Amino acid sequence: MCMVIFAPIFAICAFATCGGYSGYLQVKVDCADKRQSNRSINIDFGYPFRLHQVHFKAPLCEAKRGEILFLDGDYSSTAQLFVTVGVLAFLYSLLATVVYVFYQNKYLKNNRGPLVDFVVTAVFSFMWLISSCCWAKTVSDIKTATNPTLVFHLISACRAQENQCAATHEPHWSRLNCSVVFGFVNLMLWVGNIWFVYKETGWYKTGHRYPTRSASGKRSSEMRQRLYSESSFDQPDEGFGLSRQSSFNQTTMDFGQKLQRQASIYHTQVSTSLPQTHLSKNENCDKEKTVISKGPMIFVNEM
């Protein structure tokens, strides 16, 4: 959202202050011969700062004719790069604004929109870095090339000691200085926007799908585990007694079941070996237990 609001504005300010600049230098030449005095020379220059094509006519104090001179330096490539980056950044900012407002669902679909936006934002950040640094150096070189002292060395009449030369008007550099400032502001704006665009990509969401526990969460988990272990050691005898009692009861029940199975097997064997016998059953429960413990009672009928 920060880029959507401020990026187009600062991009316009950057390329407008650079591309719309024009300045001039005015020099006055006073020759020793009074007939050639008070000769003013106007030197106009501006974007794209091809200074080697800027020419002006300077008087020759020894004669009534003049000479045509040119400034030094060609800074058009850096200036055009700075303006191009600003214009492209402005256009992309407008496009991003339209997409964010009217096509938000398609922007987030399949994670393609955030990835493309992230890559383009990173590229523009790098381009703003290169163009702003180069343009700052170029502005310094332009100031040097249009310095009145350097221009005086180009004019033959000013190199003569008997003649006097002075600058009556120097260029104003406030607009170019502002263009450099706007360039670095755009750089910080686009670099800061990388983080916000990265949060919309799948890379950020994948890394935060399973968040790690914080240090406080780990400490609380260790504290709960320590309390649980201490509570389990406070009552060791009860747990051990219950387990020993349950194992004893289980052993007693198993032993009784084994005795009943052995008695039934023995009763079956006796009944099959003596065909004319029968087992008597007592009604008393206590006697039945006694008979079972001693063995079955056998009655034989005499023939």
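This is a predicted model: local features need pLDDT of at least 70, side-chain atom pairs count only at pLDDT 80 or more; totals for chains, interfaces and linings use all residues.
1. The side chain of aspartate 141 forms a salt bridge with that of lysine 137, at 2.9 Å from N to O. Both residues belong to helix H4 (residues 112-145), where they sit four residues apart, about one turn of the helix. A search of the whole structure finds one salt bridge. Side chains of opposite charge can pair when their charged atoms come close.

2. An open sheet is built from three strands in the order S2-S1-S5, with antiparallel pairing. Strand S2 (39-46) and strand S5 (164-169) are at the edges; each has a single partner strand, so one side of each lacks a neighbour in the sheet. On average, neighbouring strands of this sheet are turned by 25° against each other, direction ignored.

3. Within this sheet, strand S1 (residues 22-30) pairs with S2 in the antiparallel sense over eight bridges. Opposite tyrosine 24 stands aspartate 44 in S2.

4. The loop between S2 and strand S3 (55-59) contains proline 48. The peptide bond leading from tyrosine 47 to proline 48 is cis, and its omega is near 10°.

5. Phenylalanine 49 is placed in the loop between S2 and S3 as well. Its phi is near 65°, a positive value in a residue other than glycine. Most residues other than glycine have a negative phi, and most peptide bonds are trans. Phenylalanine 49 has a relative accessible area of 0% and therefore counts as buried.

How values were computed:
Residues are numbered from 1 along each chain as its sequence is written. Side-chain values use heavy atoms; hydrogens and water are left out. A salt bridge is a side-chain nitrogen of Lys or Arg within 4 Å of a carboxyl oxygen of Asp or Glu. Helices (H or I, at least four residues) and strands (E, at least two) are DSSP runs, numbered from the N terminus. Two strands pair if DSSP finds at least two bridges between them. Axes are lines fitted to C-alpha atoms, for helices over the stretch in contact, and angles run from 0 to 180 degrees between N-to-C directions. Buried means under 20% relative accessible area, exposed over 50%, partly exposed in between (1.4 Å probe, protein chains only).
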